[in-house]
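Hi,

Here is the structure I promised to pass on. Please open it beside this email and read along.

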Amino acid sequence: MSNFKRAPVQTGAPRSNVLASLKATQMIDIKPVLPAEIISTILDFLPIPDLMSFGRTSKRMLEMVYEDSRWVQRLKIMGVWNEGEARKRFEEALKMKREMMRIRAEEEAKRAGIGVNGNAGLRKTSTTLFDAGVEEERQKRSMEMAAKAKPSLDGFETLALSSPAQSTPALITRAPMLDPEALLNVFSVVKSVRGSARQEFGRIYAALAPFYYDLAKSRSHMDPVIFRVYRDPEQQAQMLSHLQIFARSDWAQGWRQREEKLTTMVGIFENAVLREFEQGYEAWDIDGRMRRYAHVLGVLNGGQAGIELFVQKHPIFSDRDILGTPMDCINHASADGIALEPSREFLERLAAKLNEQGAIIDRIFPVGQDVFQILLDKVGEDILMEYVTPLFDEAHERSIPSYLKGVAGMFEQTLRFAATLKPSKSSGANFADKVMAMVARVFEPHVDLFLQDELDYFKKLAETEVGNWEEKLSAQEATTESFFMANFNRQADKKDFLTSFKKVVMMPVNVLPSLPIVSPFANKPVPTQQVVNRSSLQAPGPGLSPGPSRPQTPGLGAASDRTSTPLPGEAPTDELAAKAALMASRMEGIRSLFSIEIALDLTHAAKASIERAALFVRLGGQTGEEAREQCEAIFVNLLRILGDRHVRGGFDKAVDHLSKYNPREVSEHQQGVAPLVTFLELVNVGDLISQMIDVFYEQQMAGPKLSDRNDFLDPAVKAKKKFEQMLDERVAAGLNKGIDVLMDEVEYLCATVQQPADYNPAPATDGKMQDYDIGPTKAAEQVVNLVESHTKMLTGSTDKNMLDVFNQEVGLRLFTALCKHLKRQRVSVDGAIKLISDMNLYFLYIRTLKNSDLLEYFKALRELSQIYLIDPKHAKEMAEVIADGDRFHGIFRAEEVYEFAERRADWYSVKRDVERAMYGIGCVAM
C-alpha cells in the first residue's frame, strides 16, 4: 500500500488566508535541456543520414530539420541557388494561387444559380444523383494520383544510405532513372524554388554523395569508383569538378580529411592531364592533344595550370635574339644620340608574333580563358622591360637629350605597338585598358626620373639661352662705350666736363640750337622731313642719329652669326660729345634689350618638353597626374625665365635709358622722338610675345586639357596672369617715362621752333596793313605731328584701357605744356590770328582721340586765345571775358585768365582799363 496519508480535516471556522491553497500547491517547471538555437546549430554539422534520422524523433525536430532555409544555405554555398529566380517563381505561384481562388469563387457563384423570375434560387444543401456520381469520380481520381505519387517523408527515401562513420563499406544504390551520363548534368537541372530546397539538395546528394564518400575512403588513385564508371578524361574532369563543388556543403565531422583526399585526387588527375598537354605542346599538336587536354583542364578547375605551362614554356621567350637587342639603338646612332628605328622594327616583329599567337590560343583554349592577356603581361615583364631598361640606362649615361628623346620615342612606339595588337576571342571589352595597364607597368619605373630630367633640362636650356643673350648684349654695350670714351681721359678732365655739362644743361632754351655740339657720326645730310612709320621696326639710320644703328637684335643659334653695324672710324674727342653719342646708341638699341627670337626659341623648347611629358598623361592614375603637373611646371618655368629674366630686365633697362634722355643734349632732331619710338616698338615686341604665350597656352596646355583655364588656382593659369600683370606694369612704367620724354620734346620744339614773331609780328614800316597767313604756325604743326605719330603707334599693340589712359595723360600733359609755353610768349592783336589757328589745330587733334573729358580742356584753351584778339579800345569787354568763369567751363579761374592776359603785347597800355573794369580801381565814391 501507499504511504500516503490523508491530511486531517480541519473543523471549525473556515481559513481566513485564501492563499493557503496556493502555498500548498507544488509547481513543477519542465524545460528543454538545450535552446532551439543551439539545437539548430548542431543540426548544421550533422551528416545527412544522421540529420534525417534526427528528424524522425519528433514532429518538432522534423520541422526543424525540414526548415527550408537550412537547405537553401547548402545550395547557396554550392552556388546553385538563384535568389532572383526563387523570388520570381514565388511570385508566379502566388499569382496562380490567386487565379485559382478567383476561378473557384466564380464556380461557387455559378453553382448558387439565378431563378427564372429573377429571384435567387435556394442554395443546394444535398447532393443529387448526378452530383454524387461526379463527386465519386473525383474522389477516385484523387486516390489514384495519391497512390501513384506517394509523398516521401523527407526526399531521401530513394537512397539506401549508410553512415559514413561505419568501418565496413556498405552498398550504395544510386537513385533510379539516373545513368552516369545524366549525373554529369546534375547541377544544370537544379531549380530555385522556395519550399523545395530540400528536394533539390536531395537530388544532388543522391547523385554525388556515393562518389564523394567512396573517394574519401580510397587508398590510392586506382580505388575510386569514379575512374571506373567514367573512362573519358572529359567526364572524369567534370565529375571531379562537381565533387569539389559538392564538398563545400560537407560540414560534418571529418570534412577536412575528406576535402584533403579530394584535393589530392584532383591534383593527381591534373598532373596526368598536364603531362599529356605538355607532350602535345612539345609536338606542337595544336588541334589534337593540346586542344583536348586544355579543355579538360578548363572543365576541371579553370585550366590555370595549363595556361601557366603554356606561357612559361612559350618559345617567344627563348628566341629573343630574333626580335633584336636594345644596343642596336645605341650602336646605330651618333656619339651622343639615339636611333629609334631599331626599336620600331623590334616592336613591329613582336606585335606580328603576338597576333599570330593570339590566333593559336583561340584554337587551343576554350572560350572564357583569357590566355592572351596573361601572355601579354608576361611579354611586358620579361621582354619589354628587359629591352627598355638597359636602353634607357645607357642613353642616360651618354646625354640627357638622347635619354629624353629615347624615353618619349620608345613610349610612343609602344603605344602604337599596343594599338596594333588584336584581341582574342576570350578577350573582354576592356582589352585596350588591360594592354595600356601592361604598358604602364613597363614604363612606370622610368617615369619619375624622366619627368624630373625633362624639367631640369628645359630650365637649364632656357637659363643658358637667356644668359648667352645677356652676355652678348653686355659685350656689345661694353664695346660701344669703350669706343666712344677711348680718346678721353676721365681722371684728367672730369672737372672740365662737369662744368661744361652743367653749362649746356642750364643754358636758356633759345640758345641751345646754336650750340656747337654736333654728332661726330653725322656723315650724311639731314633730310628735311622724316615720317615715322609704325610698321617699321628699324631704328633711325646712321645719318639721322648720333650713334650707330642696330637693325637686328643679337640672338643665339642662327641669330648669333649676324654682324652688327661697324662702329665709326674715329671716336669723339670730348666727353660731352661721347656721352651724347653713347646715349644715342643706347636709345637706338633699346629694342635689343629683349628679343622675340629668344622668346620663340624658349617657346619651341617648352613645346618639345611638354609634348614629351604629355605622352605619359595617357597612363592615367597617379602617373598620369604627375605627368600633367610636370607639364604645368614646364610652362610655369617658361614664363618665369622669359618674364623675370628676359622681358622684365629689358623693360627696366629701357625705362632707365629713357629716363636719361635729354632732348637738349641731342644735336639733331627728327620728326619723332627716337627713344620713345624705339620704346613703343619695344612695347609692340612685348605685346607680340604676350600673344605668343596666349596661343601657346591655348594649343599646348588648354587644348590637350593639361590645364583648366577656368580654375583660378591652377599653377599655369596663375603664372600666365602673373606674366601678363608684369608686362602691363612694365609697359605702364615705360609709357609714363615715355610721356615725360615726349613732353620734353614738345617743350623743346616749342622753345626752338616757335619764333617770337609768330604771335607778335612787327608792324608794317610803311604804315599799310600786312597780309597775314591765317594758318597754324610751324611749331604747332610739328608738335601735333610729333604727338599724333607717337600715340598712333600704340594702337593695336596694347590694351584699350591702357591706350585710353595713355592718350588722356598725353593730352593733359600737352595742355599743361601749351599753357606754360603760352605764358612765355608775347601775343599781339595781329598775332592772335596765328595763336587761334594753333589752338584750333590742337583742338582738332584732341578730338581724334575721342575723349570728351579731355576735349573740354582744349575748348577752354581755344576760348582763352580769344582774349588776344580783342582790340585795346574794348578793355571793358576784355575784362568781362576774363571774369566770365562759365566761358571756360571751370577749367580756368579768373586769376589764371588774368595771367594769360598779361602776355598781351599791349598789356601795359590796357592794364589800367582792364583792372578798373574788373576791380573798380580808380573809382571815387560821391
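Predicted model: local features only at pLDDT ≥ 70, side-chain atom pairs only at ≥ 80, totals over all residues.

Residues are numbered from 1 along each chain as its sequence is written, and side-chain values use heavy atoms, with hydrogens and water left out.

**Overall**

The protein chain has 33 helices and 0 strands. Both are DSSP runs, numbered from the N terminus (helices: H or I, at least four residues; strands: E, at least two). Of the 926 residues in the chain, 43% are buried. Buried means under 20% relative accessible area, exposed means over 50%, and partly exposed lies in between (1.4 Å probe, protein chains only).

**Salt bridges**

The whole structure holds 46 salt bridges. Each one is a side-chain nitrogen of Lys or Arg within 4 Å of a carboxyl oxygen of Asp or Glu.

Start with helix H6 (residues 83-112). Glu106 and Arg102 both lie there, 4 residues apart, about one turn of the helix. Their side chains form a salt bridge at 2.5 Å, N to O. Glu106 is partly exposed at 38%, and Arg102 is partly exposed at 39%.

Next, helix H23 (residues 621-659) holds Arg628 and Glu625, 3 residues apart. They meet in a salt bridge at 2.7 Å, N to O. Glu625 is partly exposed, at 34%.

Finally, look for a network: salt bridges link Glu463, Glu470, Arg640 and Arg645.

Best wishes
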